[in-house]
Amino acid sequence: MTTNKNPLTEVQEALEGQINAWNKGDLEKAMTYYWNSEEMLWISKTGIEKGYQEVLNGFLNDFEDRSQMGVYSYQPLHMEELTPEVVYFVFSWKIEQAGKKLMGCISSQLWKKLNGTWVITAEHAS
């Protein structure tokens, strides 16, 4: 599907789609915004993980009780179109439940348009 939107707008809309899925407790839908590949890269304070399935398994373990997923919100800090099919997006985010912050930090994501769909191919959250 071809759109007249610019890549920065498309990526921000994709992130909002992911957040909406998260806020509905639909972890599997939220994960569809990540590249389903063994090459997908996840970087956190605990180190580096590679592979979509490994990251999904971690989330499934951490949020076995979907009521504990909380409400995700974010604030864009920097967006840069590297090419028409690659966007670098930096934002602050937090997850709250019952008015208390459960987690949050700064994330940087590398989004690529693969087969006509924007997906996160790498994320660093710290």
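This report covers the overall fold and several individual residues of a predicted model.

## Overall architecture

The protein contains three helices and six strands. Along the sequence they follow the pattern α-α-β-β-α-β-β-β-β. The radius of gyration is 14 Å, close to the 14 Å that the globule rule gives for 126 residues, so the protein is as compact as a globular protein of that length. Along the principal axes, the C-alpha atoms fill a box of roughly 40 × 30 × 25 Å.

Of the 126 residues, 39% are buried. Residues 24 or more positions apart account for 45% of them.

## Surface and charge

The protein exposes about 7,400 Å². Carbon and sulfur atoms supply 51% of that area.

There are 11 positive and 17 negative charges.

## Glutamine 18 in helix 1

Glutamine 18 sits in helix 1, which spans residues 7-23. Its relative accessible area is 8%, so it is buried, the cut-off being under 20%.

Beyond its neighbours within four places in sequence, glutamine 18 is in contact with Ala30, Tyr33, Tyr34, Gln109 and Ile120. Glutamine 18 also pairs over a sequence distance with tyrosine 72. The two are 54 residues apart along the chain, and their C-alpha atoms are separated by 9.8 Å.

## Serine 37 and serine 44

Serine 37 lies in the loop between helix 2 (27-31) and strand 1 (41-44). Its relative accessibility is 16%, so it counts as buried despite its place in a loop. The serine 37 side chain reaches the backbone nitrogen of glutamate 39 at 2.9 Å. Outside the four places on either side in sequence, serine 37 is in contact with Gly51 and Tyr52.

Serine 44 belongs to strand 1. At 18% relative accessibility, serine 44 counts as buried, because the limit is under 20%. Its side chain makes a polar contact with the side chain of threonine 46, at 2.9 Å.

Arginine 66 is found in the loop between helix 3 (52-62) and strand 3 (71-83). Its relative accessibility is 28%, so arginine 66 counts as partly exposed.

Not counting residues up to four places away in sequence, arginine 66 touches Gly25, Leu27, Glu28 and Leu60. Lysine 24 is 42 residues away along the chain. The C-alpha atoms of arginine 66 and lysine 24 are separated by 9.2 Å.

## Two positive phi angles

Most residues other than glycine have a negative phi. Alanine 98 is not a glycine, yet its phi is positive, at about 55°. Asparagine 115, also not a glycine, has a positive phi of about 50°.

Alanine 98 lies in the loop between strand 4 (86-97) and strand 5 (100-114). Its relative accessibility is 77%, so alanine 98 counts as exposed. Asparagine 115 is in the loop between strand 5 and strand 6. At 84% relative accessibility, asparagine 115 counts as exposed.

## Threonine 117 at strand 6

Threonine 117 lies in strand 6, which covers residues 117-125. Its relative accessible area is 44%, so threonine 117 is partly exposed.

Threonine 117 and glutamate 10 are 107 residues apart in sequence. In space, their C-alpha atoms are 9.6 Å apart. Strand 6 holds threonine 117, and the loop between strand 5 and strand 6 holds asparagine 115.

The residues described here span the accessibility classes. Buried examples include glutamine 18 at 8%, serine 37 at 16% and serine 44 at 18%. Arginine 66, at 28%, is partly exposed, as is threonine 117 at 44%. Alanine 98 is exposed at 77%, and asparagine 115 is exposed at 84%.

Definitions and conventions
Residues are numbered from 1 along each chain as its sequence is written. This is a predicted model: local features need pLDDT of at least 70, side-chain atom pairs count only at pLDDT 80 or more; totals for chains, interfaces and linings use all residues. Side-chain values use heavy atoms; hydrogens and water are left out. Helices (H or I, at least four residues) and strands (E, at least two) are DSSP runs, numbered from the N terminus. Buried means under 20% relative accessible area, exposed over 50%, partly exposed in between (1.4 Å probe, protein chains only). A polar contact is a pair of N or O atoms within 3.5 Å; within protein, one must be able to donate a hydrogen and the other to accept it, and residues adjacent in sequence count only if both atoms are side-chain atoms. Contact means heavy atoms within 4.5 Å. The radius of gyration is taken over C-alpha atoms; the globule rule is 2.2 Å times the number of residues to the power 0.38. Accessible areas come from the Shrake-Rupley method with a 1.4 Å probe; for residues, only the protein chains shown count as cover. Lys and Arg count as positive and Asp and Glu as negative; His and the chain ends are not counted. The place of a charge is taken as NZ of Lys, CZ of Arg, CG of Asp or CD of Glu.
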